[in-house]
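User: I would like to learn how to read salt bridges and a helix in a model. Please take me through them.

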Amino acid sequence: MGEVLRLDQVSKIYGSGDAEVRALDGVSLTVDEGDFVAVVGPSGSGKSTLMNIIGCLDNPTSGRYLFAGEDVSGMGARELAHIRNKRIGFVFQQFQLLNDLSAWRNVELPLLYRSARDRRGSALRVLEQVGLAKRVDHRPNQLSGGQQQRVAIARALVTDPDLILADEPTGNLDSASSRDILAILRQLNEAGRTVVLITHDPAVAAVAKRVVHTIDGHLDEEVAAGGGGASPVGATGGSHPHMSLKHTLLTGLRGILGHRLRSILTTLGILFGVAAVICTVGIGQASSDQVNAQISALGTNLLTITPGSTSTGGIFGGAGSASTLTMADVTGLADKANAPDIQAVAPVVQARETLVSSASNWSTTVSGSTPGWLVANARSVSSGSFLTNADVSDHAQKVVLGSTTASDLGVTLGDSVTIGKVPFTVTGILTTVGGQGFQNGDDLAVVPVTAAQDLLTGGDPNSVQRILLSSTGSSTLGSAYQEADQLLMVTHNIGSAAAADFTIQANSSFLSTAQSVTTTLTILLASVAAISLLVGGIGVMNIMLVSVTERTGEIGLRKALGATPGDLLRQFLVEAAALSIIGGLLGVGAALLAGRLVPHFTTIGVTITATPVLIAVGVAAAVGLVFGVYPAARAARLAPIEALRSQ
Ligand code: ADP
Ligand code: MG
């Protein structure tokens with residue numbers, strides 16, 4: 001016969017100073033293998049304190065406690081958890097079953113905190129042993145009190161422990177069920193199990209082989225049994241396994257499903273946060289695409305050269321009066337040898353004129369230019385054709401109209417339009433481009449530059465008000481700018497940039513300004529949305545804290561059955577992360593739905609790309625983990641006795 005446990009001058013003192021309570025005062029007790037000891041005493045005499053220490057749920061203030069020959073007095077939470085799991089089977093007064101698990105699932109619980117095979121088989125075997133073979137799939141609320149306590153005894157037996165520790169196991173039962181349970185404990189002892197039974201009732205204690213009385217923290221043995229120097233049963237040893245990842249996940253998910261309404265409400269916060277982030281970024285993306293498209297239509301590769309320097313306000317300053325640009329400049333810039341990155345060059349002579357057709361008249365901007373105008377402005381004709389080089393050299397009286405101008409004048413191809421008393425023939429209509437910044441790109445007229453000079457500047461062949469040019473691509477815009485700048489500096493005999501008598505302006509600067517505006521707006525909106533994600537995370541934390549408080553009893557029970565602080569930390573982290581990830585995925589669904597519906601019913605565009613979706617879900621998961629750490633750590637830190645007492 002080995003020794004299961006030995007208490008050596010063990011004391012437990014609560015509080016200090018005047019409030020000091022000596023719940024146990026120098027208690028010594030030895031329990032051998034196969035023994036059946038009842039601890040009896042009135043309320044407040046120290047029974048529960050003794051049971052907590054015997055059950056490795058609490059450490060003594062002083063003295064030594066050996067369990068199976070090992071001193072457990074100084075062990076940490078993790079080691080104590082393993083001893084509880086492997087070597088002690090608890091039976092509590094309030095049964096302490098988990099209500100949303102069936103009988104066999106409750107019995108299986110301690111096996112989940114170690115690496116055990118065929119858990120269902122083991123659970124069914126012990127349930128049969130306590131006479132519950134026909135009730136294995138019933139939930140605790142479908143069982144009588146006596147049956148529930150039998151499930152609890154089965155749970156204590158399933159790990160094949162060295163000791164069964166029962167605290168008032170009949171306290172909540174009627175007399176018939178009490179006899180039943182005591183008979184089972186008796187049978188177990190006769191089959192070789194070591195049992196320590198704690199009760200206030202001497203009649204219950206009578207079932208034991210030995211009865212020990214607790215009186216004000218002291219022990220008083222009724223029947224002394226031999227076996228003083230027995231050797232202890234085998235040492236605990238071995239590795240310390242913990243709950244597998246699969247069961248941690250399952251336990252976490254059961255926790256979520258067990259509280260559906262609360263879980264749904266928690267995920268709502270994350271759902272809206274994620275959906276808001278994705279939608280605002282999507283709306284920002286769509287409007288930025290739209291602005292880009294509109295500005296690109298203006299010709300992002302377009303450079304405009306105007307006379308005068310920027311410092312003298314040359315851009316809008318009296319064009320023509322200070323003209324320093326000539327047709328020679330145009331020819332020079334058009335020479336590929338000088339400027340390989342310039343694609344098209346077009347001189348412009350323009351004025352506001354009234355156009356008269358047979359049907360009506362219309363005032364618009366008339367530009368004299370060359371075929372390069374169409375290329376430089378990235379425009380096209382929808383019907384007819386644009387001006388040719390032959391038209392330019394012939395001073396041809398031909399006009400190409402914007403679509404708005406054509407329709408306002410009520411003219412089509414081949415019709416005649418009078419500009420300043422000179423008749424022009426409509427040879428082409430430009431493709432509609434819509435509003436372009438400050439001007440209407442569809443309200444204009446283009447004639448050969450030579451005809452415009454005849455009409456507007458008295459035939460001066462050198463008069464050029466501005467020069468349009470386009471680069472071969474958006475990447476060569478910078479070098480095209482440099483080439484034009486250098487060429488004009490040389491041909492205009494200018495030494496320093498400050499003395500330049502011309503200004504080159506890029507259209508794309510407009511684009512980058514617009515892009516930075518939409519980017520700023522997107523960042524602003526996304527930050528507001530991100531804050532709502534943060535608020536969602538705080539919501540998860542609050543609910544998890546409520547959950548930890550509400551489930552204190554469950555946490556205590558799991559600890560008594562051998563869950564380590566790490567097991568509980570992981571269980572609650574999994575719950576928080578799962579809530580956030582589920583909320584995040586639902587949020588993606590909501591965002592995708594909104595992305596389809598919003599453009600359908602409004603003019604707001606939503607472009608959802610993969611990156612913000614992945615980032616939002618990733619952030620949601622991280623938020624769940626980060627905000628889950630605090631509640632999970634609280635659950636892990638709860639002392640098992642405090643947690644059990646809460647029930
Ligand atoms: P029993 O289980 O026999 O009723 P307990 O072991 O619960 O007795 O309590 C023994 C004594 O220790 C009582 O006087 C009780 O008030 C005191 N006590 C128990 N737990 C605590 C505690 N956590 N803090 C302070 N005093 C306690
Ligand atoms: Mg008590």
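Predicted model: local features only at pLDDT ≥ 70, side-chain atom pairs only at ≥ 80, totals over all residues.

Analyst: Residues are numbered from 1 along each chain as written, chains are lettered from A and ligands numbered from 1 in written order, and side-chain values use heavy atoms, without hydrogens or water.

User: How many salt bridges does the structure hold?

Analyst: Side chains of opposite charge can pair when their charged atoms come close. A salt bridge here is a side-chain nitrogen of Lys or Arg within 4 Å of a carboxyl oxygen of Asp or Glu. The structure holds 19. One of them joins Asp391 to Lys398 at 3.0 Å, N to O.

User: Is Asp391 buried or exposed?

Analyst: Buried means under 20% relative accessible area, exposed over 50%, partly exposed in between (1.4 Å probe, protein chains only). Asp391 is buried, at 8%. Lys398 is partly exposed, at 30%.

User: Where do Glu575 and Arg551 sit?

Analyst: Their side chains form a salt bridge at 2.8 Å, N to O. Glu575 is in helix H18 (residues 565–601), and Arg551 lies in the loop between H16 and H17, 24 residues apart. Glu575 is buried at 3%. Arg551 is buried at 5%. Shared partners join Arg551, Glu554, Arg558 and Glu575 into one network.

User: What span does helix H15 reach?

Analyst: Helices are DSSP runs (H or I, at least four residues), numbered from the N terminus. The expected span is 1.5 Å times one less than the number of residues. H15 (residues 477–491) reaches 21 Å from first C-alpha to last, close to the 21 Å expected. Its buried residues include Leu477, Ala480 and Glu483.

Definitions and conventions
Helix = DSSP H or I, 4+ residues; strand = E, 2+ residues; numbered from the N terminus.
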